[in-house]
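Biologist: I'd like to learn how to read charged pairs, rings and pockets in a model. Could you walk me through one?
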Amino acid sequence: MYIYNVTVNIEEQAQNEWLDWMQKEHIPDMLATGKFTSAKIIKVLVEEEMGGITYSVQYYTKDRETLQRYYKEDAQNLRNKALQKFADKFVAYRTELEIVSEH
């Protein structure tokens, strides 16, 4: 199992609109690609020097090959939608994680 983790720092004033959009549009769009089995939005409880509110958005997928297909077939379009809607109100970085064990 792999996790495609997107860490987002969003301006405080845009936070509620962004969360609503994530829950009603973006995550359903991500899941509709058929490449992810589930997703979680997790609030990071550390104050950032740069300000804003930070979230970890985790998308679960069965293997790395499926994640690579997402990058090739869907990623640019879905990222562009976020940029069009929230342009200069957020910064994001992406990480691939592999689940080693669960207890």
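This is a predicted model: local features need pLDDT of at least 70, side-chain atom pairs count only at pLDDT 80 or more; totals for chains, interfaces and linings use all residues.

Biologist: Which residues are linked in a network of salt bridges?

Modeller: The network joins Lys35, Arg69, Glu73 and Asp74. Across the whole structure, the search finds seven salt bridges.

Biologist: Which parts of the chain does the pair of Lys85 and Glu17 link?

Modeller: Lys85 and Glu17 form a salt bridge whose closest N and O atoms are 3.7 Å apart. The pair ties distant parts of the chain together, with Lys85 in helix H2 and Glu17 in helix H1, 68 residues apart. Helices H2 and H1 are also linked by Lys81 and Asp29, 52 residues apart, and the closest N and O atoms of that salt bridge are 3.7 Å apart.

Biologist: And what does Arg64 meet in a salt bridge?

Modeller: Its partner is Glu96, at 2.9 Å from N to O.

Biologist: Is Arg64 buried, partly exposed or exposed?

Modeller: The middle class runs between 20% and 50% relative accessible area. Arg64 has 40% relative accessibility, so Arg64 counts as partly exposed. Glu96 is partly exposed too, with 30%.

Biologist: Let's turn to rings. How many aromatic pairs does a search of the whole structure find?

Modeller: There are nine. To read one, look at the angle between the ring planes: under 30 degrees is stacked, over 60 is edge-to-face, and the rest are tilted. The rings of Tyr70 and Tyr71 have planes at 55 degrees and centres 5.9 Å apart, so this pair is tilted. Tyr70 is buried, with a relative accessible area of 2%, whereas Tyr71 is partly exposed, with 25%.

Biologist: Finally, pockets. Which residues lie nearest the centre of the largest pocket?

Modeller: Val6, His26, Arg79, Ala82 and Arg94 do, out of 18 lining residues. The elements giving two or more residues to that lining are strands S1, S3 and S4 and helices H1 and H2. The pocket holds about 250 Å³ of space.

Biologist: How do the lining residues divide into nonpolar, polar and charged?

Modeller: The lining has 15 nonpolar residues, one polar and two charged.

Conventions
Residues are numbered from 1 along each chain as its sequence is written. Side-chain values use heavy atoms; hydrogens and water are left out. On a 1 Å grid over the protein atoms alone, a cavity is a set of points where a 1.4 Å probe fits but cannot get out, and a pocket is an open set with protein on both sides within 12 Å along at least five of seven lines; lining residues have an atom within 4 Å of a point. Grid points are joined across faces, edges and corners, and a volume is the space filled by probe spheres set on the points. Helices (H or I, at least four residues) and strands (E, at least two) are DSSP runs, numbered from the N terminus. Ala, Val, Leu, Ile, Met, Phe, Trp, Tyr, Cys and Pro count as nonpolar, Asp, Glu, Lys and Arg as charged, and the others, Gly among them, as polar. Rings of Phe, Tyr and Trp (its six-membered ring) pair if their centres lie within 6.5 Å; planes under 30 degrees apart count as stacked, over 60 as edge-to-face and the rest as tilted. Buried means under 20% relative accessible area, exposed over 50%, partly exposed in between (1.4 Å probe, protein chains only). A salt bridge is a side-chain nitrogen of Lys or Arg within 4 Å of a carboxyl oxygen of Asp or Glu.
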